[in-house]
Amino acid sequence: MAEEKQTTGEAEVDLVELMNMRARTYGMLARLFLKEVDEATLRELQGMRFPTATGNDRVDAGYRMLFDYLRLSWDDSVRELAIDYVRTFIGHGVNGYSAAYPFESVYTSERRLMMQEARAEVLATLRENGLKRGNWTEGEDHIALELEFMQRMSMRAAEALKAGDEDKAIEELRTQRTFAHDHLLNWLPMLTADMDKFSQTKFYQGLGTLTMGYVEEDAALLEELLEDVVEDAA
């Protein structure tokens with residue numbers, strides 16, 4: 001990771017820009033899970049250029065579904081997406097099987113309840129890394145907050161690299177790798193499968209597909225970067 005650049009395959013990667021790009025993607029995903037799409041967000045999404053060939057079939061399929069929805073969206077799409085957000089993530093049932101509930105505890109606790117062990121673990125991780133919940137009022141194991149954690153850690157890694165603190169950057173990457181495997185990848189397959197089941201728009205179906213593919217791809221990237229660190233030290 002010396003000089004903030006690294007060779008991956010045959011391409012030289014600017015690691016600072018890579019970390020910033022990861023932060024932007026995680027930030028976008030977190031926002032879309034956090035709350036319904038408002039008019040300003042819809043206009044912003046309509047103006048975005050989505051990748052068409054990332055090399056990851058699941059990521060490409062997710063972006064394609066989002067694009068297909070957005071290119072045909074109209075003024076009333078904000079209302080349609082608000083309805084689908086409630087249908088997908090909140091539902092109308094009284095048990096843990098009536099929606100794609102966006103909390104890790106629901107998918108990792110025996111009785112599918114909120115505020116269980118996963119929430120306590122995520123809260124501990126936030127505290128260990130000096131992050132406060134601020135105005136957050138939901139359980140800390142909400143998918144939006146877990147994605148935001150990855151965003152914040154990516155930003156910290158970029159800042160450390162810019163400052164020439166390689167050891168700090170490596171520490172931030174290791175924290176992200178552990179969090180991705182212990183939390184995100186532990187329940188995202190179940191959450192995104194339920195999103196596909198309960199949502200009725202390509203938008204939220206695509207968001208689930210994109211998020212699953214991106215987190216898988218990013219976890220592999222983190223492994224590769226950290227393996228290179230070990231090889232450089234040998």
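Just after helix H7, Gly164 takes a positive phi of about 80°. Helices, here and below, are DSSP runs of H or I with at least four residues, while strands are runs of E with at least two, and both are numbered from the N terminus. Helix H7 itself covers residues 143-162; its 20 residues should span 28 Å at 1.5 Å a residue, and its end C-alpha atoms are 29 Å apart, which agrees. The expected span is 1.5 Å times one less than the number of residues in the helix.

The model is predicted, so that local features need pLDDT of at least 70 and side-chain atom pairs count only at pLDDT 80 or more, whereas totals for chains, interfaces and linings use all residues. Residues are numbered from 1 along each chain as its sequence is written, and side-chain values use heavy atoms, with hydrogens and water left out.

The protein chain has 9 helices and 2 strands. Read from the N terminus, the order of these elements is β-β-α-α-α-α-α-α-α-α-α. Of its 234 residues, 49% count as buried, a term that stands for under 20% relative accessible area, with over 50% called exposed and the range in between partly exposed (1.4 Å probe, protein chains only). Contacts, defined by heavy atoms within 4.5 Å, can also be sorted by separation in sequence. Among those in the protein chain with a separation of 6 or more, 68% join residues 24 or more positions apart.

H4 runs over residues 77-89, and its 13 residues reach 18 Å from the first C-alpha to the last, close to the 18 Å expected. Its buried residues are Ser77, Leu81, Asp84, Tyr85, Thr88 and Phe89. They cover an arc of only 110° around the axis, which puts them on the same side of H4; the arc is that of the directions from the helix axis to the C-beta atoms.

The interior of the protein is the next topic. In soluble globular proteins, nonpolar side chains tend to be buried together. The largest nonpolar core has 65 residues, and Phe33, Leu147, Leu191 and Phe203 have the most contacts inside it. Such a core is a set of buried Ala, Val, Leu, Ile, Met, Phe, Trp, Tyr and Cys residues joined through side-chain atoms within 4.5 Å. Phe203 touches, among others, Leu32, Val37, Leu45 and Leu81, when residues up to four places away in sequence are not counted.

Aromatic rings form a further group of features. Rings of Phe, Tyr and Trp (its six-membered ring) pair if their centres lie within 6.5 Å; planes under 30 degrees apart count as stacked, over 60 as edge-to-face and the rest as tilted. The structure holds 10 aromatic pairs. Tyr26 lies in helix H1 (residues 15-34) and Tyr214 in helix H9, so the pair ties together parts that are 188 residues apart in sequence. Tyr26 is buried at 0% relative accessibility, and Tyr214 also counts as buried, at 15%. Phe33, Tyr69, Tyr85, Phe89, Phe203 and Tyr204 form one aromatic cluster.

Finally, Val122 belongs to helix H6 (residues 117-128). Val122 is buried, with a relative accessible area of 2%. Beyond its neighbours within four places in sequence, Val122 is in contact with Glu104, Glu140, Asp141, Glu146, Phe179 and His183.
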